[in-house]
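Subject: A structure for you

Hello,

Here is the structure I promised to pass on. Please have a look, and then read on for what turned up in it.

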Amino acid sequence: MAAPCKSLAIPVTTSRLVAGLLGWFMARRLVSPLIRLRDAARSISRTGDLTTPLVIEGSGETRDLAMSLDEMVHSLAASKEQQQRLVSDASHEMRTPLTSLTTNLDLLDRFDELPVGDRPEVVAAVRCDVEELTYLMTELVELATDRSNDEPVQTVDLAEVATEVADRCTRRSGRAISLVVTDDGAVAARPLMIERAISNLVDNAVKYSPTGSPIEVRVGHRTVEVLDRGPGVPAELADRIFERFFRMP
């Protein structure tokens, strides 16, 4: 007579333990990418180091989240770099009017010794330096508060604005700036923004063209051109010329 078959039974507690361990392992495997993202985010928050690498791993929504965080960190890093460059360039721009202002104030200390005919020129130079510093500070405030679009749009006479800019730059630099007007160039624009745009072009012409070389401002139908004999802009830097306070080497 054959011996009766014996069934092998796993205790219920053991099967539950195995299932629990397997579930914990799977959950850990799924959650690990999120934990590493959390740790990386904490590290960035604690150190401010936006170069901390984010490992793109996982799948589905976890991977999408990692990619979104990585894009955000890269965007913040680029913004921080732009801010640092802006501060550096702006401080560099301020040195010129500050140096000139200091020199002219030294002259005013000896006001009684100056020839009578030179006194108005020194006072005018001080005013121009103050105007330049005011302009730079206004630019910085608008950048910090994003208020550049608050100015209402009006009808602007480009010829009138160009004349004011040319006269101011002549007083400030002593360079002769000729003005050719073929049309009043009336446009709908923000007056201060247009004035700054033209002023930037004329200032650059004064700074970078040879001493004594001609500078000409032409106003036509809805256009303003500034012609000078400067070295021009290298092709590799052409994409950067509209950056705030950007200065070529």
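First, a definition for the part on open spaces: on a 1 Å grid over the protein atoms alone, a pocket is an open set of points where a 1.4 Å probe fits, with protein on both sides within 12 Å along at least five of seven lines, and its lining residues have an atom within 4 Å of a point. Volumes are the space filled by probe spheres set on the points, with grid points joined across faces, edges and corners.

Please keep in mind that this is a predicted model, in which local features need pLDDT of at least 70 and side-chain atom pairs count only at pLDDT 80 or more, while totals for chains, interfaces and linings use all residues. Residues are numbered from 1 along each chain as its sequence is written, and side-chain values use heavy atoms, with hydrogens and water left out.

The overall picture

The chain has five helices and five strands, where helices (H or I, at least four residues) and strands (E, at least two) are DSSP runs numbered from the N terminus. Their order from the N terminus is α-α-α-β-α-β-β-α-β-β. Of the 249 residues in the chain, 26% are buried (under 20% relative accessible area; exposed is over 50%, partly exposed in between, with a 1.4 Å probe and protein chains only).

The pockets

The second largest pocket has a volume of about 340 Å³. Its lining counts 15 residues, and Thr96, Glu132, Arg172, Asp203 and Lys207 are the ones nearest its centre. Four helices, α2 (60–109), α3, α4 and α5, each give at least two residues to that lining. By class, there are five nonpolar, three polar and seven charged residues (Ala, Val, Leu, Ile, Met, Phe, Trp, Tyr, Cys and Pro count as nonpolar, Asp, Glu, Lys and Arg as charged, and the others, Gly among them, as polar).

The largest pocket has a volume of about 1100 Å³. Asn200, Leu201, Asn204, Ile241 and Phe246 are the closest to its centre among the 30 residues that line it. The lining has 15 nonpolar, five polar and 10 charged residues.

Helix α4 covers residues 158–173, and its 16 residues reach 22 Å from first C-alpha to last, close to the 22 Å expected at 1.5 Å a residue (the expected span is 1.5 Å times one less than the number of residues). At its start, a side-chain oxygen of aspartate 157 comes to within 3.0 Å of the backbone nitrogen of alanine 159. After α4 comes glycine 174, with a positive phi near 80°. Buried residues of α4 include Leu158, Val161, Val165 and Cys169.

α5 has 18 residues and spans 26 Å between its first and last C-alpha, close to the 26 Å expected. Its buried residues include Ile198, Val202, Asp203 and Val206.

Isoleucine 177 is in strand β2 (residues 177–181) and counts as buried because its relative accessible area is 15%. Its C-alpha is 5.7 Å from that of glutamate 216, 39 residues apart along the chain.

A few single residues

Serine 209 sits in the loop between α5 and β4 and counts as buried because its relative accessibility is 7%. Its side chain makes a polar contact of 3.1 Å with that of arginine 175 (a pair of N or O atoms within 3.5 Å; within protein, one must be able to donate a hydrogen and the other to accept it, and residues adjacent in sequence count only if both atoms are side-chain atoms).

Arginine 222, in the loop between β4 and β5 (223–227), has a positive phi near 60°, though it is not a glycine. At 52% relative accessibility, arginine 222 is exposed.

Best wishes
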